[in-house]
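Subject: Structure for you to look at

Hello,

Here is the structure I promised to hand over. Please open it first, then read my notes below.

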Amino acid sequence: MELEEWVNSVPKLPLWQDLPDIELYMDQLVSLANRYLEFIVNGQITPSMVNSYVKKNLMPKPNRKKYSQKHLVSIILITLLKQVYSLDDIRLWLNNTLKESPEENYNKFSNFFNQSITQINQKQFNLNLNNHISSKDDFILNLIIQTVISKLISEKLIKEYDQN
């Protein structure tokens with residue numbers, strides 16, 4: 001699948017207000033999270049993963065085996081972030097991000113994610129036009145370098161949460 005086709009097929013992350021505002025059972029939570037993320041990440045979220053995240057304090061415990069919007073948001077964020085970050089870094093970031101204003105902070109993440117994914121084709125086009133990138137391999141290299149630099153900087157900043 002070509003990059004443009006893939007980018008166009010990636011569904012937008014839902015905003016908080018678009019998530020069901022009813023409590024969900026485990027199978028509903030997993031099914032819904034997989035539906036939101038199926039075209040973005042490889043693999044499926046499983047109930048054992050959810051249980052593991054709860055045990056590792058990456059997300060709150062369910063209330064009488066029922067899960068809320070905050071749980072669904074946690075699963076979405078953990079699944080996306082674990083593509084790049086360690087679970088310890090994710091825990092630090094989530095504890096600070098979802099502790100206060102979880103709706104606002106999740107919406108901010110979702111909006112930035114959605115804007116960034118749709119701008120990738122424009123970025124490739126602009127880089128090619130400016131002769132900074134002359135091939136697909138150069139474009140990949142540029143993305144890899146940006147990813148490494150972004151990861152290094154963001155990990156340093158996330159670690160600062162632990163010092164505060």
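How many nonpolar, polar and charged residues does the lining of the largest pocket have? The counts are 21 nonpolar, 12 polar and seven charged. The classes are these: Ala, Val, Leu, Ile, Met, Phe, Trp, Tyr, Cys and Pro are nonpolar, Asp, Glu, Lys and Arg are charged, and the others, Gly among them, are polar.

Before the rest, some ground rules. The model is predicted, so local features need pLDDT of at least 70 and side-chain atom pairs count only at pLDDT 80 or more, while totals for chains, interfaces and linings use all residues. Residues are numbered from 1 along each chain as its sequence is written, and side-chain values use heavy atoms, with hydrogens and water left out.

**Overall layout**

The chain has seven helices and zero strands. Helices (H or I, at least four residues) and strands (E, at least two) are DSSP runs, numbered from the N terminus. Along the sequence the pattern reads α-α-α-α-α-α-α. Of the 164 residues in the chain, 35% are buried. Buried means under 20% relative accessible area, exposed over 50%, and partly exposed in between (1.4 Å probe, protein chains only). Now take contacts between residues at least 6 apart in sequence: 68% of them join residues at least 24 apart. Contact means heavy atoms within 4.5 Å.

Helix 1 (3–9), helix 4 (69–81), helix 5 (87–97), helix 6 (102–129) and helix 7 (136–163) each give two or more residues to the lining.

**The core**

The largest nonpolar core has 39 residues, and Leu37, Val50 and Leu77 touch the most other members. Helices 2, 3, 4, 5 and 6 each supply at least two residues of this core. Helix 4 gives the largest share, eight residues. Such a core is a set of buried Ala, Val, Leu, Ile, Met, Phe, Trp, Tyr and Cys residues joined through side-chain atoms within 4.5 Å.

Start with Leu37. It is found in helix 2 (residues 26–37). Leu37 counts as buried because its relative accessible area is 2%. Beyond its neighbours within four places in sequence, Leu37 contacts Leu13, Ile45, Ile75, Ile76, Thr79 and Leu80. Pro11 is 26 residues away along the chain, yet the C-alpha atoms of Leu37 and Pro11 are separated by 8.1 Å.

Next, Val50. Not counting residues up to four places away in sequence, Val50 touches Met26, Leu29, Val30, Ile45, Met59, Tyr67 and Ile75.

**Three helices**

Helix 2 has 12 residues and reaches 16 Å from first C-alpha to last, close to the 16 Å expected. The expected span is 1.5 Å times one less than the number of residues. Cover for the buried residues of helix 2 includes helix 3 (47–55) and helix 4.

Helix 4 is mostly covered, with 12 of its 13 residues buried. Its end C-alpha atoms are 18 Å apart, which agrees with the 18 Å that its residues should span.

Helix 7 has 28 residues and reaches 41 Å, close to the expected 40 Å. Buried in helix 7 are Phe139, Ser154, Glu155 and Ile158.

**Loops**

Ile40 sits in the loop between helix 2 and helix 3. Ile40 is buried, at 16% relative accessible area. Among its contacts beyond four places in sequence are Trp6, Val10 and Phe113.

Arg64 and Lys65 lie in the loop between helix 3 and helix 4. Phi of Arg64 is near 55 degrees, a positive value in a residue other than glycine. Lys65, also not a glycine, has a positive phi of about 65 degrees. Arg64 is exposed at 76% relative accessibility, and Lys65 is exposed at 67%.

Best wishes
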